[in-house]
Amino acid sequence: MSTNSHSFDTAAAHHYTPVAPAERSPSERIIDVVTSWPGVTTAQGSRGELSFRLGRREIGHLHGDAAAHFSFPRHVWVALYKQGRIEPHPIFVDLVGPAARRIEAESDIQAVIDLLRLNYERLTTLARGRSIVAPTSSSSFGG
């Protein structure tokens with residue numbers, strides 16, 4: 001019985017090149033962070049977007065490495081827009097609520113994560129206030 005639980009074929013070892021975080025695509029880095037949050041799932045959309053969901057609610061979605069889209073309540077949208085953190089959604093340019101953030105620079109990756117986190121925290125706070133996240137009393141729960 002071997003004590004080394006991590007053996008590998010040395011002949012094949014030269015094919016493996018570890019990928020540093022900075023070498024991962026912007027969307028891969030965003031996905032890694034956002035899907036680590038409790039309760040967040042992903043779903044592929046009909047237009048190629050990757051949606052981040054908390055329960056049935058979307059916290060935002062990615063269009064590859066190019067852009068992220070969100071929806072915010074009016075007062076949040078206005079504040080974020082004034083701060084230069086979002087721009088109007090390219091399809092719903094005249095609406096306050098739908099928003100976009102382009103992913104063009106390294107700083108945009110963290111900005112997108114921060115905006116997704118903002119929606120995540122808004123929705124988890126709403127869920128706690130409405131007791132959505134707490135299991136209801138039922139004979140089917142561990143009893």
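Trp 77 and Tyr 81 lie 4 residues apart in helix α2 (residues 74–82), so about one helical turn separates them. Helices (H or I, at least four residues) and strands (E, at least two) are DSSP runs, numbered from the N terminus. The model is predicted: local features need pLDDT of at least 70, side-chain atom pairs count only at pLDDT 80 or more, and totals for chains, interfaces and linings use all residues. Residues are numbered from 1 along each chain as its sequence is written, and side-chain values use heavy atoms, without hydrogens and water.

The structure holds 3 aromatic pairs, counted where ring centres of Phe, Tyr or Trp (its six-membered ring) lie within 6.5 Å; planes under 30 degrees apart are stacked, over 60 edge-to-face, the rest tilted. Two of them are tabulated.

| Pair | Centre distance | Plane angle | Class |
|---|---|---|---|
| Trp 37 and Tyr 120 | 5.2 Å | 40° | tilted |
| Trp 77 and Tyr 81 | 5.0 Å | 10° | stacked |

Trp 37, in the loop between α1 and β1 (40–44), and Tyr 120, in helix α3 (residues 106–129), are 83 residues apart, and their pair links distant parts of the chain. Trp 37 is buried at 9% relative accessibility, and Tyr 120 is buried at 7%. Buried means under 20% relative accessible area, exposed over 50%, partly exposed in between (1.4 Å probe, protein chains only). In the other pair, Trp 77 is buried at 7%, whereas Tyr 81 is partly exposed at 41%.

Arg 117 lies over the face of Trp 37, 4.8 Å from the ring centre; this requires CZ of Arg, or NZ of Lys, within 6 Å of the ring centre and within 35 degrees of the ring normal.
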